Amino acid sequence: MEIICNGVKTALDAEISLATFLRGKGLNPDTVAVECDGVIQARETYEGMRLREGMVLEVIRFVGGGASC
Amino acid sequence: MLTIAGRIFSSRLIVGTGKFPSSALMRAAIEASGAEMVTVALRRVDLNDPGDDLMTMLDRHQYVFLPNTSGARNADEAVRLARLARAAGAGEWLKLEVTPDPRTLLPDPVETLKATEVLVKEGFIVLPYMNADPILAQHLQEAGAAAVMPLGSLIGTNQGLLTRFQLEIIIAQARVPVVVDAGLGAPSHAAQAMEMGADAVLINTAIAVSGDPVRMAQAFAAAVKAGRDAFEAGLGVSGPVAAASSPQAGLDFLR
Amino acid sequence: MDFPPLFNDLQARLAAVTVREVERSLAAERLDVAGLIALLSPAADDMLPPMAKRSAAITRQRFGSTMQLYAPLYLSNLCQNRCLYCGFSADNRIERRILTIEEAEAEAAILHDRGFSHILLVAGEAPGRLGVDYLEELALRLRDKFAAVSMEVQPLSTLEYARLFRAGITAVAVYQETYDREIYASLHPAGPKRDFDFRLGTPARAAAAGMREVGIGALLGLADWRAEGVALALHLAWLRQRFWQTSFTVSFPRLRPAEGGFAPLAPVTERDLAQLLFAMRLFDHDVGLLLSTREEARFRDGMLGFGPTRYSAGSCTAPGGYGNPALSGEQFAVGDHRSLAEVSAMIRQHGFDPVRKDWDSSFQQAVAQGSQAA
């Protein structure tokens with residue numbers, strides 16, 4: 001199956017949980033925010049949430065930046 | 001002591017985490033600045049090259065994370081970014097930035113006020129970046145902003161306090177802390193802002209791009225402290241000092 | 001500093017001020033609270049000339065060479081309070097009178113014919129006889145005749161002020177009389193005015209209702225005028241922080257001889273009054289400063305240009321007294337008996353412009369303001 005993550009088509013072998021997907025990408029689920037099909041997901045749901053064919057994910061986290069000067 | 005939304009800060013310097021040559025230097029410079037609040041930005045993760053995670057580089061217990069909504073061009077985009085920041089674990093603090101004009105990056109007053117109203121209702125601690133407009137500061141304050149962040153001059157220009165006269169009015173009228181942001185290119189600019197009675201300043205570029213970010217962070221920390229001390233001690237005044245020996249000045253009618 | 005401040009603390013601070021601190025404060029661009037205390041202290045008593053100069057310069061820059069003029073219209077001398085210093089006190093045996101709406105209109109017509117565009121409706125506190133309905137009806141009848149109709153009556157609620165604003169009332173004046181809680185209690189033994197805090201919150205309620213202008217003041221002669229002045233200025237600063245869309249004025253009524261024979265507890269001289277007014281101007285560059293006909297012509301003429309921005313003129317403080325000058329029952333004895341024309345002529349002679357209106361109440365929209373009503 002295939003999902004779109006951060007604008008990139010990504011192939012997955014099987015339906016896995018969101019948390020598993022994030023860990024597989026080397027990300028700590030505790031430090032990212034995820035939008036699934038436009039809806040922000042609460043962190044507690046990451047483990048239970050199955051990724052499905054055609055889902056659109058946005059994975060976001062903090063980077064350096066911030067001040068206007 | 002600086003108090004924002006009930007939280008006490010012993011440092012009046014807030015620093016940004018962007019534009020540093022390396023993560024190690026960023027960490028060292030922030031440490032040297034003595035800041036207790038740091039601004040951070042939100043971006044999509046590059047899944048092919050996730051790189052360092054800012055949240056693990058800085059101790060979440062040592063610093064209050066102040067995520068910004070940089071890049072937002074209207075209230076809706078800013079609100080979405082704010083919600084994502086909260087979902088990413090930054091808590092309720094938010095530096096609201098709405099900058100539709102990519103050349104000047106001047107904040108949009110109308111959209112900023114709209115977003116403040118929405119986000120305050122959602123429980124965010126909103127610190128809006130704003131032009132140095134005293135009336136806008138009043139409206140933002142009434143909308144529930146926890147502090148206001150007027151600019152000293154255009155972002156990245158290092159021109160210092162070009163908005164000085166409006167800043168004076170904002171500071172005199174404010175019931176929430178005034179944090180001067182943008183345009184502060186040198187420690188002397190920060191000291192001037194603090195001498196005027198600003199509650200805090202926010203610095204990023206001037207520290208991050210200096211030849212020695214750690215020393216520059218120390219310089220800003222010293223300037224902020226000096227400026228605040230001078231403000232609290234009461235600055236002397238320039239100009240002629242009045243003396244009792246002046247002529248009666250037309251007051252002979254008094255009985 | 002806490003508001004309202006404790007008078008004992010203020011007096012200790014006032015006594016400790018040095019001449020050097022006064023000099024420093026006089027040279028400052030803006031006066032802070034410490035500077036205000038310095039200029040109201042005994043150490044500043046000899047500094048009246050430089051204070052007058054600064055006050056005159058600030059006033060001219062902010063208000064130009066103008067003097068606004070208004071007249072009070074006394075509607076009623078009925079009062080349920082027993083303020084020991086006031087001619088209207090319920091304990092005094094005076095001829096009590098309340099004008100009917102038609103009589104009040106007739107009095108207003110006389111003031112209009114004399115050239116007034118700004119009138120101040122004044123009444124003792126008798127809400128059963130002269131309540132919001134009466135004031136609303138009168139305001140609706142007067143609003144097209146006058147550019148500004150302000151009022152100095154019993155304290156009301158925010159909703160009541162909003163109603164009267166919609167009816168055309170532009171401004172509310174309510175004086176705390178004294179900010180010293182203890183003296184206040186001793187002078188107001190009976191009636192609703194006993195409640196110090198309700199009265200203290202009144203200017204904020206009027207401002208929250210959207211009034212264009214709110215006037216505060218203290219009756220000078222009840223308590224130490226220096227501490228009173230600090231408290232008054234702090235009240236003004238407190239209001240300014242919360243109601244930025246409101247204009248504010250401060251009045252400086254000195255206790256005058258009145259029915260009841262009350263003698264001032266703490267007499268205030270003309271020099272004291274001048275010092276207080278100059279300090280207030282240096283503390284707040286934008287505030288309107290009022291001197292009424294309580295003061296003598298000589299003093300009012302002399303003070304022209306030094307800080308005051310608004311004078312009353314041709315005043316009668318007995319209800320119905322404009323149409324019938326023989327009527328008694330006045331609130332206090334007037335000190336400047338000149339007519340509007342005479343006062344205007346004096347103002348012009350001094351090179352100032354007598355201004356009879358600077359706003360039209362017909363412009364005003366019913367928009368309440370201020371998120372933090374007290």
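Me: Helices (H or I, at least four residues) and strands (E, at least two) are DSSP runs, numbered from the N terminus. With that in mind, and given that this is a predicted model, what is the place of C:Glu177 in chain C?
Reply: C:Glu177 sits in the loop that runs between strand S4 (171-173) and helix H8 (181-187) of chain C.

Me: What is the phi of C:Glu177, and why is this residue called buried?
Reply: The phi of C:Glu177 is near 70°, which is a positive value in a residue other than glycine. As for burial, the relative accessible area of C:Glu177 is 9%, and because the cut-off for buried is under 20%, C:Glu177 is counted as buried.

Me: Why is B:Leu105 called partly exposed, and where does it lie?
Reply: B:Leu105 has a relative accessible area of 32%; since buried means under 20% and exposed means over 50%, with partly exposed in between, the term for B:Leu105 is partly exposed. It lies in the loop between strand S6 (93-96) and helix H4 (109-121) of chain B, and although B:Leu105 is not a glycine, its phi is positive, at about 55°.

Me: How do you know that strand S4 (residues 37-44) of chain B pairs with S5(B)?
Reply: The criterion asks for at least two bridges between the strands, and S4(B) is joined to S5(B) by 4 bridges, with the two strands running parallel; therefore they count as a pair. One of the residues involved is B:Thr39, whose bridge partner in S5(B) is B:Leu66. Within S5(B) (residues 64-67), B:Val64 and B:Leu66 point one way while B:Phe65 and B:Pro67 point the other way, and all are buried.

Me: How do you know that chain A and chain C do not touch?
Reply: Contact requires heavy atoms within 4.5 Å, and the nearest C-alpha atoms of chain A and chain C are 28 Å apart; the two chains do not touch. Of the 2 pairs of chains in contact, chains A and B share the most contacts.

Note on methods:
Residues are numbered from 1 along each chain as its sequence is written. Chains are lettered from A and ligands numbered from 1 in the order in which they are written. This is a predicted model: local features need pLDDT of at least 70, side-chain atom pairs count only at pLDDT 80 or more; totals for chains, interfaces and linings use all residues. Side-chain values use heavy atoms; hydrogens and water are left out. Buried means under 20% relative accessible area, exposed over 50%, partly exposed in between (1.4 Å probe, protein chains only).
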